[in-house]
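This report describes the strand order, helix packing and selected backbone features of one model. The sequence and the structure are shown first.

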Amino acid sequence: MRTCMLHRLSVWMVAAALALAVSAPSHLGAAEKPREKRKAAKAERLRPAADALPELSAEAIAKIEAALPERATAKPKKPRKVLVFWRCEGFFHGRGIAGGIKAIERLGKKTGVWTTDVTREYADLSAENLAQYDVLVLNNTTRLKLPDAQKQALLDYVHRGKGLVGIHAATDNFYDWPEGGKLMGGVFAGHPWGGGGTWAFKLDEPDHVLVAAFGGKGFKLKDEIYQFKEAYSRANQRVLVSLDLSDPATGKVKGGRDDNDYAVAWIKNVGKGRLFYCSLGHDANVFQDPAVVRFYLDGIQFAAGDLEADATPKK
Ligand SMILES: [Zn+2]
């Protein structure tokens with residue numbers, strides 16, 4: 001009986017030691033959990049090639065509707081066709097994309113200036129398909145992996161006289177394609193001004209025709225604001241709107257540029273075509289702002305070649 005007890009005790013001790021040995025890795029695993037959680041959260045945010053857009057509420061759509069201007073700014077030379085492209089291989093701005101699509105579709109319908117097609121397929125950026133459109137909108141696209149044929153098609157499309165419009169993350173794409181970065185007029189280099197803040201903006205030229213939406217005055221808006229690197233230069237494009245660092249909340253944020261030049265929107269002529277880029281549009285709320293919606297309307301009309309605007313760089 002005693003032997004048996006001892007035997008039992010030793011069996012129990014071996015079992016306990018084994019259990020400890022087995023539990024050791026899972027204990028380490030528990031220490032790794034926050035990192036795994038962060039990784040999972042990041043993967044959720046990135047959602048490569050996300051293909052399902054969130055549904056906007058009826059209230060959100062009604063607010064976009066209410067923000068639409070009564071009529072187009074310029075009379076179009078002919079009925080226009082707009083292609084909205086929204087593929088994301090990086091960060092997925094679901095609500096921003098959905099708001100942008102809704103605003104562009106409804107703008108076209110209400111003004112009668114354009115019809116809108118929407119796609120996320122690279123195949124639709126072929127030269128043949130692009131040929132039917134007047135304006136291509138890169139709607140919050142991220143980390144695009146354009147096939148070579150599509151890269152060439154995009155360059156040719158704009159250089160030969162068509163329009164390109166970029167919304168918000170349209171600059172968060174061509175890290176390994178310098179010509180693409182140059183086409184957009186800048187490459188994303190972070191967003192020191194986070195999406196939870198309300199930031200101040202100034203008009204670089206209050207009298208420029210393309211900023212008429214803002215009535216000659218700076219404005220404030222809740223949005224996420226980018227800084228740019230590489231291709232960004234005032235020598236290459238006409239900057240229309242920038243961050244107003246004289247505003248205390250906006251100026252308090254430390255950006256990464258030595259020159260403190262944080263442009264938000266610009267235009268440029270590209271060969272015979274035109275580019276309009278604006279970094280406003282992180283979330284759907286931006287497309288409920290009448291001035292911003294009118295600004296995008298004017299940008300699209302400029303890109304289409306219907307709204308004349310001086311795109312000569314200022315320096
Ligand atoms: Zn964003």
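A residue is called buried if 20 or more other C-beta atoms lie within 10 Å of its own, exposed if 12 or fewer do, and partly exposed in between, with C-beta atoms placed from the backbone. The model is predicted, and local features need pLDDT of at least 70, side-chain atom pairs count only at pLDDT 80 or more, and totals for chains, interfaces and linings use all residues. Residues are numbered from 1 along each chain as its sequence is written.

**The sheet**

Helices (H or I, at least four residues) and strands (E, at least two) are DSSP runs numbered from the N terminus. Two strands pair if DSSP finds at least two bridges between them. On this basis, nine strands form an open sheet with mixed pairing, in the order E2-E1-E3-E4-E11-E10-E9-E6-E7. Strand E2 (114–119) and strand E7 (219–222) are the edge strands, each pairing on one side only. On average, neighbouring strands are turned by 20° against each other, direction ignored; axes are lines fitted to C-alpha atoms, for helices over the stretch in contact, and angles run from 0 to 180 degrees between N-to-C directions.

Strand E4 (residues 163–167) pairs with strand E11 (residues 273–278) in the parallel sense over five bridges. Within E11, Phe276 is the bridge partner of Val165. Helix H8 (residues 290–304) packs on the sheet, where it touches E1, E3, E4, E7, strand E10 (263–270) and E11, and its direction makes about 165° with that of E11. Contact here requires that the C-beta atoms of two residues, placed from the backbone, lie within 7 Å.

Helix H3 (residues 94–111) lies across strand E1 (80–85), E2, strand E3 (135–139) and E4, and runs at about 155° to E2. Buried residues of H3 include Arg95, Ile97, Ile101, Ile104 and Leu107. Their cover includes helix H2 (58–67), E1, E2, E3, E4 and H8.

In H5, the buried residues are Gln150, Ala153, Leu154, Tyr157 and Val158. These cover an arc of only 120° around the axis, which puts them on the same side of H5; the arc is that of the directions from the helix axis to the C-beta atoms. Helix H4 (127–130), E3, E4, H6, E10 and E11 are among the elements that cover them.

The spans of both helices are listed below; the expected span is 1.5 Å times one less than the number of residues.

| Helix | Residues in helix | End-to-end C-alpha distance | Expected span |
|---|---|---|---|
| H3 | 18 residues | 26 Å | 26 Å |

**Positive phi values and exposure**

Gly112 follows H3 and has a positive phi near 75°. Just after H5, Gly161 takes a positive phi of about 125°. Arg143, although not a glycine, has a positive phi of about 45°, and this residue lies in the loop between E3 and helix H5 (148–159). Arg143 counts as partly exposed because 19 C-beta neighbours lie inside 10 Å.

Asn260 is a residue other than glycine with a positive phi, near 55°. Its position is in the loop between helix H7 (248–252) and E10. Is Asn260 buried or exposed? With 11 C-beta neighbours inside 10 Å, Asn260 counts as exposed.

Glu179 lies in helix H6 (residues 178–184) and counts as exposed, with 12 C-beta neighbours inside 10 Å. The C-alpha atoms of Glu179 and Gln152 are separated by 9.9 Å, although the two residues are 27 residues apart along the chain.
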